[in-house]
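Me: I would like to go through this model carefully, one question at a time, before I rely on any part of it.

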Amino acid sequence: MGLRLAHRINRPARFVAGGDSLARLANVLHNCLESYPCLLREPSTPSFHARAAGQVCSHGGDLRGAQLRQAQQIRSESHPRAMATPTSLAVGVDLGGTHVLAALCDPTGHVYARHEATLTEETRGSREHIGAMLSMCIMEVWRYAKEHFPSSLPIKGVGIAVPGNVDPTNGIARYLPNFGWLEPVDLSRLVLDRAEAPGSAKSVRDVLGVDRLHLRNDGRCAALAERHFGVGAAGGHQVLAMLTLGTGIGGALIHDPTPSNRGAIFDGCSFDAGDFGHHVMRSGPSAFQCVCGNRGCFECHASPVGSEPRHSRSL
């Protein structure tokens, strides 16, 4: 279950990390969790990112939406449809805390096939297991494309929405605290250099015909999707801010840096601008320990996974 808060801003705005505004927002989310303890339960349906995983269009190495808006309906299995052969296809992948989901889609956002695998608390800390699950899901939807739309191959690219800080230029996951990955991981190599099937001499890289993965933080992917398919699709707003509440807390800032480059992610110097979850907003004895190593992070005080231990004791 994910809560998305997207706000359109008519003029450039000044965003200040921390301070009273962030504390008030944390208090609102905290009160929601106290008022509705059902939010603390693990949902039986896939999260927003799983249900909305979708389109990847690579232009100049940029990821244009690894996820579709929440209203996009995605079937639970691959499904042939009576429609024209797509001009091009791409694979969008959501790497979540409880699942890996790959979707095959075209530039309009239509999803043709998907494949999902489950992650557990024990397996998500294993890089080898994560690499295997990502490769397997990607190859399953690629095989669907090969069978039903061979003329649309090779695919345009593969984009992955990652729950952590990533270097999109080099395809590196810099740190994924909810997975216990606190040092850089070359996720592109971990996925693409694997055998495309057990016993095969060909790698995933060879079969797909791609030399790298396009990685983006999952909150940024959700913001891109809203900008290009959702609340910002009309293009009437220069700046969009988004807050995501799911397993953890994330966010992103979208802006129009130039007239020819509209709806772009504002990354900042360390690729974490707008990622509000790990801003420290509390100190002292009442500050919770966060999985990132700090204490008092917004995420560990206001997200379901961070607040669950304390609220479970009071219920």
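The questions below move from confidence to particular residues.

Reply: This is a predicted model in which local features need pLDDT of at least 70 and side-chain atom pairs count only at pLDDT 80 or more, while totals for chains, interfaces and linings use all residues. Residues are numbered from 1 along each chain as its sequence is written, and side-chain values use heavy atoms, with hydrogens and water left out.

Me: What is the mean pLDDT of the protein?

Reply: The pLDDT is the predictor's confidence in each residue, from 0 to 100, and 70% of the residues reach 70 or more. Over residues 1-26 the value is below 50, and over residues 28-78 the pLDDT is likewise below 50. Where pLDDT is low, the predicted coordinates should not be read in detail. For the protein, the mean pLDDT is 75.

Me: Is Cys221 buried or exposed?

Reply: A residue is called buried under 20% relative accessible area, exposed over 50%, and partly exposed in between (1.4 Å probe, protein chains only). The relative accessible area of Cys221 is 0%, so Cys221 is buried.

Me: How many disulfides does a search of the whole structure find?

Reply: A disulfide is taken to be a pair of cysteine sulfur atoms within 2.5 Å. With that cut-off, the number found in the whole structure is zero.

Me: Which residues do ring pairs link into a cluster?

Reply: Rings of Phe, Tyr and Trp (its six-membered ring) pair if their centres lie within 6.5 Å, and planes under 30 degrees apart count as stacked, over 60 as edge-to-face and the rest as tilted. Tyr144 and Phe149 make an edge-to-face pair, at 6.4 Å centre to centre with 65° between the planes. The cluster linked by ring pairs consists of Tyr112, Tyr144 and Phe149.

Me: Where does the charged end of Arg127 sit?

Reply: A charge sits over a ring if NZ of Lys or CZ of Arg is within 6 Å of the ring centre and within 35 degrees of the ring normal. The charged end of Arg127 is 5.9 Å from the centre of the ring it sits over, that of Trp181.

Key: Contact means heavy atoms within 4.5 Å.
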